Amino acid sequence: TENQSIRNFCIIAHIDHGKSTLADRILDLCHTIPKQKMRDQVLDRMDLERERGITIKAKAVRLEYFSSQRNSSYVFNMIDTPGHADFSYEVSRSLAACEGAILVIDATQGVEAQTLAHTNIALAEGLAILPVINKIDLPSANPDRVCEEIENVLGPDHLPIALVSAKLGKGVEELLEKVIDFIPPPQGQAKKSLKALVFDSIYDSYRGVLPFIRIFEGLINKGIEIMIYSNKQKYQVIEIGIFNPDMKEIESLGPGEVGYISCNIKAIQDCRVGDTITLAINPTSQAVPGYKKAKPMVFCSFYPINAEGYEILKEALEKLQLNDASLMFEPDVSEALGFGFRCGFLGLLHMEIIQERIEREFDIEVVATAPHVVYHVLTKNGEIIEVKSPRDFPSAGEIEEAEEPIVEMKIITPSTAIGGVMDLCQSKRGVLQDMTYLDPNTVIIRYHLPMAEILFDFYNRLKSVSRGYASMDYEFFGYASSNLVKVDILVSKEKVDGLSFISHEENAARRSRELVTRLRKLIPRQMFTVSVQAAIGGKIIAREDVAALRKDVLAKCYGGDITRKRKLLEKQKEGKKRMKAVGKISLPQEAFLAVLQTE
Ligand code: GDP
Ligand code: MG
């Protein structure tokens, strides 16, 4: 049938192994983008992606490939995916729309933590995996060692391994021939009722929600009436298109194909990622298996700098959530910080990216409180509380038992750094599980670690003990009983709930001292002395004072020239940027993140 010439695959890899560069070369070979418009990592279109040099969103693109060996044409739907652990939810969604995955491995780095993690997701989805060793042009490339590691991961009877240099375009055509041979064409029949998976979507201010779909069965044509499987809402299809890589209108999409539709869906919650789209008349009897709901691991609250920002912040979160199903939020109100939202993320990078996207794409400034994990507390009254904000953590006297989340951490490191890695994990309350060799000089170390501990500088320290070579990946393991206390921070005797934190009892005093010292340096001096205190229950365990300003800034230029005065005032205004007023004092954003840093 028609489907025999279609291949749907995504590109997966550890960060920086060359996915986006390989995608560039594949686009070149398929003449998808006119030469004068081509640039490096062309699919990374978000400003943030280009500045940081990382892929945040998965991107689908449809390619026409002419195989001169076979003298026939193929349609490839290719999805470039992000490599960072925080975005593996994006990866798993992309995988559900594909039959195969190109697994890229850097010839100088070998298998790293996200290589393993993404491979496991692809295997669980039942995808054909085509391993590719990239960057073979580099003098330090060691394809033999990398082959051995791939065999250890995928088993000895793996598919042939392709050797490429994405940078130079070497081996890419051969790779595409392997794609045709080893990745199966999609199944599915045009005459069955429509069954399409919504694997992503965006919001367009004119056209509303545009679901990105992968069709498993049936056809979709302009003008037909479709139904969203979960809520039975019906819509008429106004436009159908493909990614070329920009949106390009076409007449219809058939089984195995990937594209978008526009049907005037106005309410964001009416068409969620993971849902199935079918026909209004004669709908399919079975939905496409959706996705496991993403489970946020890290929470923090966002507050607009000004109260007027609240509605914009709400709209921003709603729109970003449409595009990112792993983002959670709910209204939150803090005595000190006012109205805002408590948000859940998959990790710290995810949180940072969302804050930056809110500020850039919606043009408001927000203050983010320090990220923290979710605790479970059994109170003496027999109540079980899920604590999503340190503010809600009961006082010591009310707690029967407290539990904290534990992750299973996989660290891949050169064997020379085993000692340093183990010392680090031990100092973070880790429990060693096992150790296996990936090749004679590389080990996989498995630890159980409290998730709260890895929020605090874990990654940087892992990099430093391994001279940059170790990589890590973790997943939620379960909850375990732990001796936890809540530390409150008082500024000028007023409790600032956004600064409270939960700590293991052993570390509470040290962390409190470190934090108040850091806050003393971060809180701008006022006309009066400001005290900064840390307290457990009612008991003060640390204190520092921010000394009062001796002179008014303007006093110095009394009678002085006006431009100097204006400059000073402007400077002061700038210093106020991203400050959140708490009582009489303005706290800078850094103060809320100070709780995360360690010396
Ligand atoms: P991604 O994070 O997997 O998408 O990786 P990128 O495609 O952004 O590439 C990461 C870095 O590796 C970039 O600086 C690329 O220029 C570089 N790179 C990618 N492929 C090759 C290659 O085949 N050879 C060399 N020497 N560098 C490469
Ligand atoms: Mg990339």
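## Ligand 1 contacts

In this predicted model, a polar backbone atom of lysine 167 sits 3.1 Å from an oxygen atom of ligand 1. On its own, ligand 1 exposes 580 Å², and the protein buries 81% of that area. Oxygen atoms of ligand 1 also lie 3.4 Å from a backbone N or O atom of histidine 17 and 3.4 Å from a polar side-chain atom of serine 165.

There are 15 residues around ligand 1, of which Asp16, Lys19, Thr21, Asp137 and Ala166 come nearest. The shell consists of 7 polar, 5 charged and 3 nonpolar residues. Helix 1 (residues 19-29) is its main contributor, giving 3 residues.

The model contains 35 salt bridges. One of them pairs arginine 145 with aspartate 439, with 3.0 Å between the closest N and O atoms. Arginine 145 belongs to helix 5 (residues 143-154) and aspartate 439 to strand 24 (residues 431-439), so this pair ties together parts 294 residues apart in sequence. Arginine 145 is partly exposed at 24% relative accessibility, while aspartate 439 is buried at 4%.

Arginine 429 forms a salt bridge with glutamate 404, the closest N and O atoms being 2.7 Å apart. Arginine 429 is in the loop between helix 9 (418-427) and strand 24, and glutamate 404 is in strand 23 (residues 399-414), 25 residues apart. Glutamate 404 is buried, with a relative accessible area of 3%; arginine 429 is partly exposed at 24%.

## A further pair and a network

Arginine 543 and aspartate 545 form a salt bridge with closest N and O atoms 3.0 Å apart. Arginine 543 is partly exposed at 44% relative accessible area, and aspartate 545 is partly exposed at 35%. Salt bridges with shared partners also join Glu330, Asp332, Arg342, Arg391, Asp392 and Asp497 into one network.

Technical notes: Residues are numbered from 1 along each chain as its sequence is written. Chains are lettered from A and ligands numbered from 1 in the order in which they are written. This is a predicted model: local features need pLDDT of at least 70, side-chain atom pairs count only at pLDDT 80 or more; totals for chains, interfaces and linings use all residues. Side-chain values use heavy atoms; hydrogens and water are left out. A residue is near a molecule or strand if one of its heavy atoms lies within 4 Å of it. A polar contact is a pair of N or O atoms within 3.5 Å; within protein, one must be able to donate a hydrogen and the other to accept it, and residues adjacent in sequence count only if both atoms are side-chain atoms. Accessible areas come from the Shrake-Rupley method with a 1.4 Å probe; for residues, only the protein chains shown count as cover. Helices (H or I, at least four residues) and strands (E, at least two) are DSSP runs, numbered from the N terminus. Ala, Val, Leu, Ile, Met, Phe, Trp, Tyr, Cys and Pro count as nonpolar, Asp, Glu, Lys and Arg as charged, and the others, Gly among them, as polar. A salt bridge is a side-chain nitrogen of Lys or Arg within 4 Å of a carboxyl oxygen of Asp or Glu. Buried means under 20% relative accessible area, exposed over 50%, partly exposed in between (1.4 Å probe, protein chains only).
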